[in-house]
Amino acid sequence: MNTKYSDLINQTYYFPQEEFNLNKDNLQFHNIDLMKLVEQYGTPLKFTYLPQISNNINKAKNWFRKSMEKNKYEGKYYYCYCTKSSHFEYIMNEAFKNNIHIETSSAFDINIVENLLQNGKINKSTYVICNGFKRDQYIDNIARLINNGHKNTIPIIDNYEELDLLQAEIKGKFKIGIRIAAEEEPKFEFYTSRLGIGYKNIVQFYKKQIQENDKLELKMLHFFINTGINDTAYYWNELVKCIKVYIALKKECPSLDGLNIGGGFPIKNSLAFEYDYQYMIDEIINQIKIACDEAEVDVPNIFTEFGSFTVGESGGAIYQVLYQKQQNDREKWNMIDSSFITTLPDTWAINKRFIMLAVNRWNETYERVLLGGMTCDSDDYYNSEQNMNAIYLPKYNKEKPLYIGFFNTGAYQETIGGYGGLHHCLIPQPKHILIDRDENGIMATEVFSEQQTSEDVLKILGYKAK
């Protein structure tokens, strides 16, 4: 009988895959020997594989280039990184090796932009797209950036009042964009996004507050669908509505030359993941070109703001199974040496699933289990894979430690989990390492942050050292 864990994976998925393969009975991720990481750094452990950031950026740029050539599309493509996915400097340093642009969400993002400019990571030709609801500090910071000479800063107008707030602080003429308030899928609890201005109001808004204002230059229409870029009737319907607004606005506003289709490229969340990126881009570019040609207006330059797609597939976490609890005749709980709530908060908050695989012991028999975290919270568990209603892992053996990995966790988890702060039940933040390769493919690792200590936590809580 085929009872090994490796048999289960091979029967369920196509394996090995681009980023996953085996070295004997140990898992490798991008040819990184994960057990060597465990032996060197211990667990729980988080890691970031930096080259994957550049890999994904250049994949997307290549897909858009091919599509524009195929469709004889005369506009340009600009890849922006959505900073809220991960603000860390090591992420920015890797991303901005690739001649890309930046999208911000809040006030402190502008401080990061200024730091990147000061250190030569970006320059004055870099577009800074300022999204989000803007008040006080964010307005002040955007104004400072523009007043200091960064003319490719484009604040995206989210509500009617923002125009007045920006004009009060910015000296001279400046560029702006307008965000469309997309209509959400029927399954949502509300019909229209809280972000942006309604489809039907945008042209009138332009005529009333922008058209005769010599201080403003409208350059961009911004469009984003909360559920991402998917091959669904809903997405295509919203895209067509957006293009119609762009065409109507373009006929009134000659300076308008950019269409920002936001983010939303999915990342691999299962070994069974399938998504035809090139097809989706081809269809988007084709639909925009057809509509603009029919309306006899110039096609727009295309901007995207990929966040999760940029950084998600670079991240991972490794845990040890510390103990197994047989709670009844059917349920076995494998207890890990950390917490899902604190280290992978999306698994708890939005029931998100990541790729989960055993790191070692692939040639041993498997069993069905549930995975539990260390907190005393009943919600601190992970109970199924993306495309299966159960988790299977090599059988627990007290004498043979079992390690498990969660992959493509690089977006949002650190900031949502409160990096460097307090965590539920005071479970310490794990050690985090960075993995890179030089031009010869030689791998190097370094510790970005050590595991939190009790002194770190007590200091945050206000306890004074004796």
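**Entry 1: salt bridges between the domains**

I started with the charged pairs, and the count between domain 1 and domain 2 came to two salt bridges. I kept in mind that this is a predicted model. For the whole structure, the number of salt bridges is 17. One of the pairs I noted is Lys 59 with Glu 18, where the closest N and O atoms sit 3.8 Å apart. That separation passes the rule, which asks for a side-chain nitrogen of Lys or Arg within 4 Å of a carboxyl oxygen.

Where do those residues belong? I checked the domain assignment: domain 1 takes in 5-42 + 314-461, and domain 2 covers 51-311.

**Entry 2: the rest of the interface**

Next I listed polar contacts, and the rule finds eight residue pairs across the interface of domain 1 and domain 2, both partners at pLDDT 80 or more. On the side of domain 1 that touches domain 2, the elements giving two or more residues are β16 (355-358), α14 (413-416) and β21 (431-437). Which of them gives the most? My note says β21, with five residues. I also sorted this side by class and got 13 nonpolar, 10 polar and six charged residues.

Then I turned to contacts and area. I found 29 residues of domain 1 in contact with 20 residues of domain 2. I like having an area as well, since the size of an interface is often given as the accessible area lost when the parts come together. Here the two domains bury about 2,000 Å² between them, and 59% of that is on carbon and sulfur atoms. Which residues of domain 1 lose the most area to domain 2? I wrote down Ser 314, Ile 355 and Tyr 412, which together make up 25% of what that side buries. For the overall layout, I noted that the C-alpha centres of domain 1 and domain 2 are 34 Å apart.

**Entry 3: a sheet of three strands**

I moved on to the sheet formed by β1, β2 and β3, which is open, runs in the order β1-β2-β3 and has antiparallel pairing.

I then checked His 30, which is in the loop between β2 and β3. His 30 is not a glycine, yet I read a positive phi of about 50° for this residue.

**Entry 4: cis peptide bonds**

I looked up omega for two prolines. The bond from Phe 15 to Pro 16 is cis, with omega near 5°, and Pro 16 is in the loop between α1 (5-12) and β1. Thr 43 and Pro 44 are also joined by a cis peptide bond, with omega about 0°. I placed Pro 44 in the loop between α2 (34-41) and β4 (45-49).

**Entry 5: a pair along a helix**

Last, I went back to the salt bridges and picked Arg 65 with Glu 69, whose closest N and O atoms are 3.3 Å apart. Both residues lie in helix α3 (residues 51-70), four residues apart, which is about one turn of the helix.

Note on methods: Residues are numbered from 1 along each chain as its sequence is written. This is a predicted model: local features need pLDDT of at least 70, side-chain atom pairs count only at pLDDT 80 or more; totals for chains, interfaces and linings use all residues. Side-chain values use heavy atoms; hydrogens and water are left out. Domain bounds come from an automatic or database domain assignment. Contact means heavy atoms within 4.5 Å. Buried area is the accessible area (1.4 Å probe) that two parts lose on being put together, summed over both. A polar contact is a pair of N or O atoms within 3.5 Å; within protein, one must be able to donate a hydrogen and the other to accept it, and residues adjacent in sequence count only if both atoms are side-chain atoms. Ala, Val, Leu, Ile, Met, Phe, Trp, Tyr, Cys and Pro count as nonpolar, Asp, Glu, Lys and Arg as charged, and the others, Gly among them, as polar. Two strands pair if DSSP finds at least two bridges between them.
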